[in-house]
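Open the model in your viewer and keep the selection panel at hand.

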Amino acid sequence: MSATWYECKIKYRKLDEVTGEQKLKTEPFLVDAISYTEAESRITEEMAAYLREGEEIKITNIKVANYAEIHPFENSDRWFRCKVSMISFDEESGKERKSNQYLLIQGNDVKEAYENTVTAMKDTMAEYTIPAVSESPIMDVFPYFSGEESETKKLEKFMELKDSVPVTNDIDEDLAFVDSLTVETE
């Protein structure tokens with residue numbers, strides 16, 4: 001059974017990292033649910049972890065999100081909406097047909113999101129193109145897991161990937177320049 005994802009817009013008080021003040025924010029989150037009612041219940045439950053005691057959230061909108069698949073990647077902190085056009089050949093008309101689907105891919109920038117989309121599509125037998133990659137306003141994704149033992153490892157892996165922190169590689173430019181000038185001798 002494929003997942004139905006609901007985009008829930010939530011208004012709540014969030015700590016502004018720059019000023020250190022609490023500000024009222026409206027941000028979208030993605031929840032895997034069976035119905036609008038369950039989506040409302042699940043987002044309320046999931047957001048409780050982000051709130052201080054006595055604070056409440058206001059759900060301003062819930063709608064079905066048009067994502068075929070969600071792919072978290074390690075050391076990534078933003079979500080990107082990637083349009084993938086599947087190319088098939090119609091034998092009756094002799095023409096190529098394109099069918100579009102949208103993937104939500106985690107990455108640090110558009111280039112990395114594109115590369116992660118290619119990685120996510122590597123086992124696809126059909127031809128495809130990636131005509132668009134854009135940053136999504138989605139703040140976080142909350143998948144549904146039934147709690148069965150077989151799904152526990154999936155949940156742990158998903159959460160581990162989703163919550164990993166980007167790693168920055170500090171390159172010493174002087175050493176990199178020296179390395180580029182040295183030639184290996186045989």
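Select residues 36-47, helix α1: its 12 residues should span 16 Å at 1.5 Å a residue, and the end C-alpha atoms are 16 Å apart, which agrees. The expected span is 1.5 Å times one less than the number of residues. Helices (H or I, at least four residues) and strands (E, at least two) are DSSP runs, numbered from the N terminus. This is a predicted model, in which local features need pLDDT of at least 70 and side-chain atom pairs count only at pLDDT 80 or more, while totals for chains, interfaces and linings use all residues. Residues are numbered from 1 along each chain as its sequence is written, and side-chain values use heavy atoms, without hydrogens and water.

Within α1, pick A39, R42, I43 and M47, which are buried (under 20% relative accessible area; exposed is over 50%, partly exposed in between, with a 1.4 Å probe and protein chains only). Viewed down the axis of α1, the buried residues fall within an arc of 120 degrees, so they line one face of the helix; the arc is taken from the directions from the helix axis to the C-beta atoms. On the face turned away from the buried side, select the exposed T37 and E45.

Next, show β1 (5-15), β2 (22-32), β3 (58-64) and β8 (141-142), against which the buried residues of α1 pack. Contact here means heavy atoms within 4.5 Å. Now center on I43: among the residues that I43 touches are C8, F29, I57 and F142, leaving out those up to four places away in sequence.
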